[in-house]
Amino acid sequence: MKEPVFVSPAEIAASKAAAKRVKDEVYDLGLTYHIESYGCQMNEHDSEKIAGMMEEMGYAKAEDKSKADFIIFNTCCIREHAEQRVYGNIGALKKRKDENPQLMIGVCGCMMQQKDAGRQLFKRFPFVDIVFGTNELYRFPLLFEEAYHGERTLQVRDMDGEIAEGLPVCRNSTFSTFTNITYGCNNFCTYCIVPYVRGRERSRQACDVLAEAKQLIADGYKEITLLGQNVNSYGKDLTPRVTFSQLLRQINDLPGDFRIRFMTSHPKDCTKELLDTMAECPKVAKHLHLPFQCGNDRVLKAMNRGYTAEQYLELVHYAKAKMGSALSITSDVIVGFPGETYEEFQDTLSLVKEVGATSLFTFIYSPRQGTPAAKMDDPVSHKEKARWMAELLALQEQISAEQMQLHRGETFKCFVSGKGKLGDNYVAARTDGNLIIEFEGDDSLIGSFQNVKVIEPLTYVLRGELERN
Ligand code: SAH
Ligand code: SF4
Ligand code: F3S
């Protein structure tokens with residue numbers, strides 16, 4: 001695999017200089033920004049970088065988004081539905097722009113990186129000031145500066161992708177946050193657009209990840225989620241090679257009381273070594289998001305997933321044997337891949353029964369232009385697929401309820417993340433396995449780890465009680 005390519009410090013400096021020039025121009029105008037973020041955590045984190053650059057340009061986060069001076073859409077194209085929402089929401093801004101020509105509008109992210117999509121959007125919505133792709137993120141202040149001076153800007157480069165270190169980040173939470181460990185994807189699952197819009201897989205240097213983790217811990221963060229499309233293949237492009245397990249151990253060894261999460265794990269690269277590492281590292285959450293997508297081997301092959309249902313189950317059994325009831329498994333499932341039959345779909349239901357996931361993220365297959373699956377015969381109607389989906393959801397609901405019941409009387413170390421919904425005096429906490437427990441408690445507990453005993457499993461949350469030490 002190729003060594004990752006880094007954006008040069010000179011280019012980062014040029015971008016920061018542009019941010020500074022904008023700031024010098026706008027500093028006393030009290031301008032504000034609003035970011036509409038779609039898609040996965042990768043995008044959410046990119047939006048935090050955009051926010052960081054906006055703040056460097058002297059803009060503040062808008063309290064009221066209808067009054068923002070700059071609105072930017074960070075788009076997703078994983079399924080058709082995500083795209084339609086974006087077009088609708090951009091279109092809705094035309095009237096506002098007519099009323100207030102000073103309003104600036106930007107569109108960026110995965111959708112813009114699709115073939116011709118950026119150019120077409122730029123043409124279709126002449127009131128949009130800035131359009132850029134995922135490869136341009138670090139150049140945003142340069143593009144913004146041009147647009148601020150009245151020059152509409154469009155920049156989408158088709159390339160393998162680089163790594164930009166040193167961008168400012170304005171984080172949405174003060175205790176739970178993300179850090180990238182890899183960018184891009186090389187797996188080319190036949191249904192998926194991500195490898196086309198996020199470029200080739202590349203790993204950040206372990207020292208950069210560690211330095212960021214250290215800083216986050218020093219800043220009081222209690223939960224750090226390591227992000228990558230396939231975290232298990234972290235480091236394959238680094239010399240000397242650093243494996244994901246090694247990286248996890250190094251972060252686990254950092255001093256402090258914090259929790260490490262990661263996503264997404266790809267079953268084809270998930271090793272027993274990684275599961276051992278999870279079991280042995282106390283700061284690593286016992287949560288495995290391990291998408292199987294489907295339980296039928298013919299369909300898995302057509303999806304180019306690189307494992308069989310049996311291999312997947314072997315991993316699950318090994319992980320359960322190592323981590324016991326502490327482990328929580330979640331997964332993504334696609335229903336109605338082109339050519340999938342109802343009989344084949346039954347294998348997905350069987351796998352769902354055997355895995356015993358705490359929850360599933362389920363999607364009806366959505367054809368993505370440019371992917372191999374979009375050219376495959378897809379004879380089953382959407383209505384029929386929706387019926388299969390209902391069957392899957394009913395089954396998983398029953399399994400989730402059973403899983404919740406297993407926890408009655410158990411005590412979990414939980415991270416208290418905010419107000420609860422069960423009552424005014426409730427706070428909500430998340431277990432290692434990402435289960436939500438609500439218990440009666442003071443708001444001052446928010447942002448801390450607490451031991452909570454499960455009193456009553458409800459459908460989606462557990463009701464618990466604070467254990468006094
Ligand atoms: N890298 C992750 C997935 C990122 S995309 C992984 O491989 O697990 C998140 C999920 O969206 C995928 O797991 C898949 O279930 C779903 N997905 C991706 N492309 C899709 C498509 N064309 N139609 C429906 N669901 C899709
Ligand atoms: Fe898409 Fe597959 Fe890559 Fe996940 S591993 S991002 S599903 S191509
Ligand atoms: Fe994520 Fe959507 Fe892009 S799922 S990587 S934001 S296409």
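# Ligand shells and cavities in a predicted model

The largest cavity has 17 lining residues, and Thr134, Leu137, Glu162, Tyr183 and Arg202 are those nearest its centre. Here a cavity is a set of points, on a 1 Å grid over the protein atoms alone, where a 1.4 Å probe fits but cannot get out, and lining residues have an atom within 4 Å of a point. This is a predicted model, in which local features need pLDDT of at least 70, side-chain atom pairs count only at pLDDT 80 or more, and totals for chains, interfaces and linings use all residues. Residues are numbered from 1 along each chain as its sequence is written, chains are lettered from A and ligands numbered from 1 in the order in which they are written, and side-chain values use heavy atoms, with hydrogens and water left out.

**Cavities**

- There are two cavities of 30 Å³ or more.
- The largest cavity has a volume of about 230 Å³, where a volume is the space filled by probe spheres set on grid points that are joined across faces, edges and corners.
- Its lining has eight nonpolar, four polar and five charged residues; Ala, Val, Leu, Ile, Met, Phe, Trp, Tyr, Cys and Pro count as nonpolar, Asp, Glu, Lys and Arg as charged, and the others, Gly among them, as polar.
- The second largest cavity has a volume of about 50 Å³, and its lining includes Asn43, Asp46, Cys108 and Arg198.
- Helix H2 (41-56) and strand S4 (104-109) each give at least two residues to the lining of the second largest cavity; helices (H or I, at least four residues) and strands (E, at least two) are DSSP runs, numbered from the N terminus.
- Three nonpolar, five polar and two charged residues make up the lining of the second largest cavity.

**Ligand 1**

- Around ligand 1 there are 15 residues, of which Tyr191, Gln229, Gln293, Asp332 and Ser366 come nearest; a residue counts as near if one of its heavy atoms lies within 4 Å.
- An oxygen atom of ligand 1 lies 2.7 Å from a polar side-chain atom of Gln293.
- For Arg305, a polar side-chain atom is 3.4 Å from an oxygen atom of ligand 1.
- A polar backbone atom of Ser366 lies 2.8 Å from a nitrogen atom of ligand 1.
- The shell around ligand 1 has seven nonpolar, four polar and four charged residues.

**Ligand 2**

- The residues that surround ligand 2 include Cys185, Cys189, Cys192, His266 and Arg305.
- Seven nonpolar, three polar and one charged residues form the shell around ligand 2.

Conventions:
Polar contact = N/O pair within 3.5 Å; in protein donor to acceptor, adjacent residues only side chain to side chain. 1 Å grid on protein atoms, 1.4 Å probe; cavity = no way out; pocket = protein on both sides within 12 Å on 5 of 7 lines; lining within 4 Å.
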